[in-house]
Amino acid sequence: MTEIVMNQSELAAEIAARLRDEVAAAVKAQSVGVATGPVAESEGSFGDFLKCVAFNDVQRLRAVYKSTKALDETSGASGGFLVPTQFEERIRAVGAPMLFDQLVAAGRGPLMLRTNAAELALPVLEQDQTPNVESSALVGGVRLVWREQSADVQESEPKFEQRIFRPHSADAYVAAATELITDAPQALEDTLVSLFGRAYAVLKARVMLRGTGVGQPRGIVGHPAAISVTRATGGTQVENDTNTILQMIQRLLPGSATAVWIAHPFWRSRLMATRLSETLLYTVNGQSLVYGDTLAGIPIAYSEHLPTVTSAGSLVLADLSYYAMVERASFSVAFSEHVRFLKRQSVWLFGVRIDGAPLVNAPLILADGAGNNTVSPFVEIEAGS
């Protein structure tokens with residue numbers, strides 16, 4: 001018999017590899033609907049985790065899932081239980097086909113950050129100051145200054161400000177029959193994962209676009225950094241829409257290689273008709289993002305969370321790399337059998353904490369010497385027909 005000798009690090013790596021294989025096999029079995037049998041004492045599933053939360057089985061939650069109570073800093077009261085990492089990733093993965101996650105996957109989404117702290121401070125360049133003609137607002141006023149031989153170096157420092165992000169709480173609850181939770185918690189697994197995952201993806205898209213900034217993230221529509229472009233008039237609808245689009249492109253921050261159009265769905269038929277001379281501005285299946293369409297070579301996505309077509313902000317041209325979203329690490333799940341007692345239903349409460357805001361406070365002034373020519377990573381259309 002051959003003796004295998006492993007040091008501590010090699011043994012740990014071997015155990016980790018086997019655990020990854022087992023988790024992958026379990027996920028694959030669940031995705032194709034293969035029954036996995038009853039949950040053993042040493043194993044776990046999201047359905048079993050939910051049952052443990054429902055029955056407040058703290059011992060098993062800690063032993064099997066390494067889950068602890070989530071605390072609410074605003075009240076000091078204990079919240080739900082933190083969702084284990086493997087289940088949290090499944091919940092996040094559900095949002096892959098939806099707008100927010102598609103933007104991130106395409107490299108055209110916002111800056112995503114996670115924190116375990118109550119707040120996160122980011123140093124941000126002050127780019128909304130009037131730049132020296134030999135510099136640029138894009139670099140926060142830093143410039144290389146010409147110097148004669150043996151002359152002193154002139155001061156040229158960047159200007160920073162500290163941006164504080166404090167993740168806000170958002171919750172959703174799902175009611176289910178008490179008997180279902182008691183007898184077949186695994187039957188709830190796929191349903192709750194799907195519901196929570198999609199709800200979270202919708203929430204992120206909504207607040208990124210139209211968040212008020214009061215008790216929630218601040219969105220880009222109507223933000224002081226956004227430039228509003230007046231709709232062209234005097235021609236046909238196609239001519240007016242084309243001229244408006246060209247004006248929006250002109251006001252976009254130069255060099256925005258990751259810009260994206262985001263439009264109310266009812267804009268699609270109008271945008272498809274826009275043209276320069278005989279060339280259509282709209283191209284179908286230009287790039288892989290949502291519908292895979294482009295407008296003037298820039299990918300276009302559609303969102304029901306923008307205002308209607310005639311409203312301000314119904315069409316947006318944005319470089320979302322100038323938007324930061326901060327997530328408080330770990331979701332939480334709480335349970336109550338009392339909220340809907342008379343209906344014989346119990347309630348699952350799913351909680352997330354996020355904050356977000358543009359990384360610029362105002363449009364950027366070009367270093368062309370005029371002093372009033374501005375551009376922005378966020379350009380939106382004004383109200384009109």
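Predicted model: local features only at pLDDT ≥ 70, side-chain atom pairs only at ≥ 80, totals over all residues.
Angles under 35 degrees count as roughly parallel, over 145 as roughly antiparallel, 65 to 115 as roughly perpendicular, and the rest as oblique.

Numbering starts from 1 along each chain as its sequence is written, and side-chain values use heavy atoms, with hydrogens and water left out.

The helices, then. Helices (H or I, at least four residues) and strands (E, at least two) are DSSP runs, numbered from the N terminus. Helix α2, residues 46-54, packs on helix α3, residues 58-65, at an angle of about 150°, with the axes 8 Å apart. Axes here are lines fitted to C-alpha atoms over the stretch in contact, and angles run from 0 to 180 degrees between N-to-C directions. α2 and α3 are therefore roughly antiparallel. On the α2 side the contact (heavy atoms within 4.5 Å) is made by Asp48, Phe49, Cys52 and Val53, and on the α3 side by Arg60, Leu61 and Tyr65.

Tyrosine 65 has a relative accessibility of 5%, so it counts as buried. The cut-offs are under 20% relative accessible area for buried, over 50% for exposed, and partly exposed in between, with a 1.4 Å probe and protein chains only. Between tyrosine 65 and aspartate 48 there are 10.0 Å, C-alpha to C-alpha, at a sequence separation of 17 residues.

Next, strand β13. Five of the five residues in β13, 298-302, are buried. Ile298, Ile300 and Tyr302 point one way, and Pro299 and Ala301 the other. In a regular strand the side chains alternate between the two faces of the sheet.

What does β13 pair with? Strand β8, residues 260-263, pairs with β13 in the parallel sense over three bridges; pairing requires that DSSP finds at least two bridges. Strand β12, residues 293-295, is joined to β13 by three bridges and runs antiparallel to it. Isoleucine 300 is the bridge partner of tryptophan 261, and aspartate 293 also stands opposite isoleucine 300. β12 and β13 form a hairpin with two residues between them, and alanine 296 in the turn has a positive phi of about 55°.

Last, asparagine 240, in helix α8, residues 237-251. Is asparagine 240 buried or exposed? At a relative accessible area of 12%, asparagine 240 is buried. Leaving aside residues up to four places away in sequence, asparagine 240 touches Ala232, Thr233, Gly234 and Gly235.
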